[in-house]
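The sequence and structure come first.

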Amino acid sequence: MPAKISIVIPTLSAETTLARTLEALMEGLGQGLIRELIISDGGSTDATLKIADEAGAEIVTGSPSRGGQLRRGCAQAKGEWLLVLHADTVLDAGWAEGVVEHIQTSRAPAWFQLAFRARGILPAWVAGWANLRSRLFGLPYGDQGLLVRRTDYDKAGGYPDQTLMEDVALVRALPRVVGLPVRAVTSAERYQRAGWLRRGTRNLWTLARYFAGTSPETLADSYRR
C-alpha cells in the first residue's frame, strides 16, 4: 500500500513530550503508512525544533495559535489522509494496524480512545466521559487525535485560525466521526495542576459558552486565567 498519511503535530516548547510521541509513530513508517511528518511550531524556545529536525520532520513556523498552526501544517500536507496529534499524545502500540484497517474499509473521519498517563478513578472517569461524548455527540477534542481524508478536510474548510475550540469547529463541519479501537494516551499535567473535577467542569462550561456564541478569543482569555 502506498504511503497514504501525513502526520501533523502542532508544537510550542514541547521538548519534554515530543520525542515520546514521535517514537510511537515509528511503526507506521515500518508499515509504509506515513508519507510525511509535519511539525507546525508556534515559536518554541527549547529543543523542540531540534527533536523535530532529527526525526526528519518538515517544519512549518508561525505565530502561536493552535488553530493557525494546524491550518498551516495541514496546508503543507500531501497525503490522502491527515493524522493530527497533539505533541503530548502517544498512540498505543498496534495503532498502525488499526489505522490501516480503517482507511481500507471506511471513508469516515475517526478519533482515538482517550486515556491519561495517570492512575486512579478520576483520570479513568474523565477519559471515559470524553470517549462517551465523542460516541454520542460526535465531538472529540484534539487530544483524542483526528484521522481525516484530505478531501473531507478541505470541504469542511480546514481548521479555523483561532486560539481555542479549533478542534470542535472542524469536527462539527465534518461528516460524523467514528471511534477507532486504539488508545491515545495523553499528558495529565493540566488536570493534575488544576484538579480533575475542576478542570473537567471548566472544559464543559467552555464548550457550552462556545455553543452559545462566545468568541474563541474571549474563551481563551478566560481559559488562561
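## Aromatic pairs

There are 5 aromatic pairs in the structure, which is a predicted model. In one of them, Y191 and W196 are stacked, with 4.9 Å centre to centre and 20° between the planes. Y191 and W196 are both buried. Together with F116, Y191 and W196 make up one aromatic cluster.

Another pair, Y210 and F211, is tilted: the centres are 6.3 Å apart and the planes are at 40°. Y210 counts as buried because its relative accessibility is 15%, and buried means under 20%. F211 has a relative accessibility of 40%, so F211 counts as partly exposed.

## Charges over rings

R199 places its charged end over the ring of Y191, 5.9 Å from the ring centre. Y191 is also the stacked partner of W196.

R133 has its charged end over the ring of Y141, 3.9 Å from the centre of that ring.

## Cavities

The structure has 2 cavities of 30 Å³ or more. The largest cavity holds about 50 Å³ of space. Its lining consists of P140, Y141, G142, G145, L146, Y159, D167 and V171. By class, 5 of these residues are nonpolar, 2 are polar and 1 is charged. Y141, one of the lining residues, also carries the charged end of R133 over its ring.

The second largest cavity holds about 40 Å³. L70, V84, H86, G142, Y159, E166 and D167 form its lining, with 3 nonpolar, 2 polar and 2 charged residues.

Methods: Residues are numbered from 1 along each chain as its sequence is written. This is a predicted model: local features need pLDDT of at least 70, side-chain atom pairs count only at pLDDT 80 or more; totals for chains, interfaces and linings use all residues. Side-chain values use heavy atoms; hydrogens and water are left out. Rings of Phe, Tyr and Trp (its six-membered ring) pair if their centres lie within 6.5 Å; planes under 30 degrees apart count as stacked, over 60 as edge-to-face and the rest as tilted. Buried means under 20% relative accessible area, exposed over 50%, partly exposed in between (1.4 Å probe, protein chains only). A charge sits over a ring if NZ of Lys or CZ of Arg is within 6 Å of the ring centre and within 35 degrees of the ring normal. On a 1 Å grid over the protein atoms alone, a cavity is a set of points where a 1.4 Å probe fits but cannot get out, and a pocket is an open set with protein on both sides within 12 Å along at least five of seven lines; lining residues have an atom within 4 Å of a point. Grid points are joined across faces, edges and corners, and a volume is the space filled by probe spheres set on the points. Ala, Val, Leu, Ile, Met, Phe, Trp, Tyr, Cys and Pro count as nonpolar, Asp, Glu, Lys and Arg as charged, and the others, Gly among them, as polar.
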